[in-house]
Amino acid sequence: MSRKILIVEDDASTSAYLAKGLAEAGHAIEACADGRDGLFLASEGIFDLIIADRMLPGLDGLSMVSAIRAAGIATPVLILSALAAVDDRVDGLKAGADDYLCKPFSFAELSARIEAMLRRSDRAATEPQKTKLSVGDLEIDLLARAVSRAGRSIPLGAREFNLLEFLARHAGQVVTRTMMLEKIWNYHFDPGSNVVDVHIGRLRRKLEEGFSTPILHTVRGAGYRLAVEG
């Protein structure tokens, strides 16, 4: 299926190579060489996917992606960059990119990543978005950011709510401390921190105090699981 793809790349040879290959694959291509122009074009909301370099004149790639996300534009973005260190890739994803591919790259891999991103985007567009989550008698209203159990309201702080939502989206599964550190606190390696355990302890007290059935379980040596058991 033909898609409309925006290329934001200031290296003329790389831009031409990308445009030629993607056009041969049947896509409609528009290209620009400046981050400000890329932001302007992306803001039109007409593209199915954006490929952007990091080091751009006018507005750098990360700032461009951040501005796109701040404007509420959900178009998938693939960053293509010679900056290949782990921190560089993490920065790209934190800025709002959906994927990050380092230069030099294989066009076959680029095509595969584009196809995967478009599949995810298509599924997100067709699947109804959940506004409520439930685990047993625990109800979570994502829009109102309200929690209740057996009809009784449970007030939570912002961090506690985010932690509970993450656990509920993985209900019945073991969620590791590392997963929670990365998702909720944006820590990518901090094995000595007990911040997860402290917040889990507070959350467990609020969810289980006054109820006979536990719902937030410790899985020794692994992490935690939100589930009704027994």
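The structure holds two aromatic pairs, where rings of Phe, Tyr and Trp (its six-membered ring) pair if their centres lie within 6.5 Å. This is a predicted model, in which local features need pLDDT of at least 70, side-chain atom pairs count only at pLDDT 80 or more, and totals for chains, interfaces and linings use all residues. Residues are numbered from 1 along each chain as its sequence is written, and side-chain values use heavy atoms, leaving out hydrogens and water.

**Aromatic pairs**
- Y17 and F105 form a tilted pair, 6.1 Å centre to centre with 50° between the planes; planes under 30 degrees apart count as stacked, over 60 as edge-to-face and the rest as tilted.
- Y17 lies in helix α1 (residues 12-24) and F105 in the loop between β5 (99-102) and α5 (107-126), so this pair ties together parts 88 residues apart in sequence. Helices (H or I, at least four residues) and strands (E, at least two) are DSSP runs, numbered from the N terminus.
- Y17 and F107 form an edge-to-face pair, 5.7 Å centre to centre with 75° between the planes.
- Y17, F105 and F107 form one aromatic cluster.

**Nonpolar cores**
- The largest nonpolar core has 27 residues, and I140, L167, M180, L207 and L226 have the most contacts inside it. Such a core is a set of buried Ala, Val, Leu, Ile, Met, Phe, Trp, Tyr and Cys residues joined through side-chain atoms within 4.5 Å; buried means under 20% relative accessible area, with a 1.4 Å probe and protein chains only.
- α6 gives the most to this core, with six residues.
- Apart from it lies another core of 19 residues, including C32 and M64.

Note on methods
Buried means under 20% relative accessible area, exposed over 50%, partly exposed in between (1.4 Å probe, protein chains only).
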